[in-house]
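Thanks for coming. I have one structure to go through today, so please have a look at it first.

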Amino acid sequence: MPELPEVEVVRAGLAPAVTGAQIVGVTVHDERALTRHTGGAAEFEAALTGRSVRAAVRRGKFLWLPLEPTAAGAAPAREALIGHLGMSGQLLLRAPGAAPERHERVRIDLHHPVHGELCVVFADQRTFGSLAVDRLVPTSDDAPGGYGWGEASVPAQVAHIARDPLDPAFSDRAFRAALGRKDTAIKRVLLDQTTVSGVGNIYADEALWAARIHPGTPARALSARAAGRLLAEVRAVLEKALAEGGTSFDEQYVNVNGEAGYFAHSLNVYGRQGRACPRCGTPIVREAFMNRSSHRCPRCQRVRAGVRR
DNA sequence: AAACCCACCTGATCGC
DNA sequence: TGCGATCAGGTGGGTT
């Protein structure tokens with residue numbers, strides 16, 4: 001469920017707490033939380049115990065904690081602990097020995113040289129999220145791999161994820177060129193994380209509404225002007241949502257302290273079917289799209305809006 | 001090769 | 001009260 005703003009809230013909360021801390025204990029309660037990890041629970045625990053965390057980094061909806069190399073004698077592989085929250089994952093900062101969270105899957109105990117003991121709990125109702133230890137590989141463009149760390153590396157399994165639109169190394173020109181080659185609906189391109197990352201169902205609908213583009217518009221039919229407008233609106237909605245702490249409909253999405261964000265109050269179309277479009281008053285419609293839903297204004301976002309002929 | 005579908009899960013809600 | 005259908009913020013593997 002979390003999209004870029006929610007994941008960034010988590011990264012920003014984790015960073016000051018875990019940077020420089022050493023992992024002193026790992027408990028896997030449910031192996032389904034390791035679907036992105038190649039080994040089993042015991043191997044995961046062993047791979048992390050004793051390692052120190054160097055940073056908290058994010059690209060799109062993926063988070064990772066780069067780790068100090070293992071002690072002398074072991075293979076000097078550069079590795080990171082990856083986290084993906086899936087639809088319902090949470091990373092929570094708790095006091096050592098804190099009572100188990102609902103849906104707690106993994107607990108990581110750390111020792112920070114300044115702040116002392118703390119624990120990071122991974123809780124996830126639907127189990128689509130997961131943690132993994134993965135090796136870091138160089139980025140193909142030599143730019144930093146994500147937000148939060150200057151090193152030009154990404155976990156191997158994140159290498160296929162595109163940069164997100166808030167990344168300084170994101171290329172607007174390459175994005176517009178890529179749209180011209182896509183034989184599919186613009187909303188599919190926004191949701192597929194290999195052209196632009198970080199956008200999910202909520203912010204795709206919000207950005208398309210703001211740019212007055214129908215979600216089913218063929219990507220390559222968008223004029224350069226419409227594509228530029230869309231990208232600007234994607235950035236605007238992601239930044240505004242981030243400033244408001246993300247979108248929380250219930251207790252599912254929370255920051256590392258368990259607190260909800262406020263952006264749900266600022267939604268213009270998502271989940272507002274039947275209510276007036278804030279721009280023109282026409283009732284918002286909800287339509288089936290890719291086994292989920294799209295929300296749009298039938299007047300502001302007509303099929304041909306923004307289409308070049 | 002790009003585009004598309006669907007499985008992977010738990011839980012809340014709604015209509016009957 | 002129960003019970004089935006539907007819905008929920010994502011991703012990746014398998015199939016066309």
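Before going on, some ground rules. This is a predicted model, in which local features need pLDDT of at least 70 and side-chain atom pairs count only at pLDDT 80 or more, while totals for chains, interfaces and linings use all residues. Residues are numbered from 1 along each chain as its sequence is written, chains are lettered from A and ligands numbered from 1 in the order in which they are written, and side-chain values use heavy atoms, with hydrogens and water left out.

Helices (H or I, at least four residues) and strands (E, at least two) are DSSP runs, numbered from the N terminus. Two packed helices are described by the angle between their axes and the distance between the axes. Axes are lines fitted to C-alpha atoms, for helices over the stretch in contact, and angles run from 0 to 180 degrees between N-to-C directions.

Back to H3, residues 172-180: its axis and that of H6 are 10 Å apart, at an angle of about 125°. H3 and H6 are therefore oblique to each other; under 35 degrees would be roughly parallel, over 145 roughly antiparallel, 65 to 115 roughly perpendicular, and the rest is oblique. Contact means heavy atoms within 4.5 Å. On the H3 side we have Asp 172, Phe 175, Arg 176 and Leu 179, which meet Ala 224, Ala 227, Gly 228, Leu 231 and Arg 235 of H6. That contact has five nonpolar, one polar and three charged residues. Ala, Val, Leu, Ile, Met, Phe, Trp, Tyr, Cys and Pro count as nonpolar, Asp, Glu, Lys and Arg as charged, and the others, Gly among them, as polar.

Next, H1. Helix H1 (residues 4-18) packs on H6 (residues 224-243) at about 40°, with the axes 8 Å apart. That makes H1 oblique to H6. This crossing, of H1 and H6, is right-handed. Leu 4, Pro 5, Glu 8 and Val 9 of H1 meet Leu 238, Ala 241 and Leu 242 of H6. By class, the contact of H1 with H6 has six nonpolar, no polar and one charged.

Finally, the record. An unreviewed UniProt entry annotates His 103, Arg 126 and Lys 182 as "binding site"; such annotations may be inferred rather than shown by experiment, feature names are shortened, and positions are in the numbering used here. They span 80 residues in sequence, with the farthest two C-alpha atoms 39.3 Å apart, so they do not all gather at one spot. His 103 lies in the loop between strand S5 (89-94) and strand S6 (104-112).

How values were computed
A crossing is left-handed if the near helix is turned anticlockwise from the far one by less than a right angle, and right-handed if clockwise.
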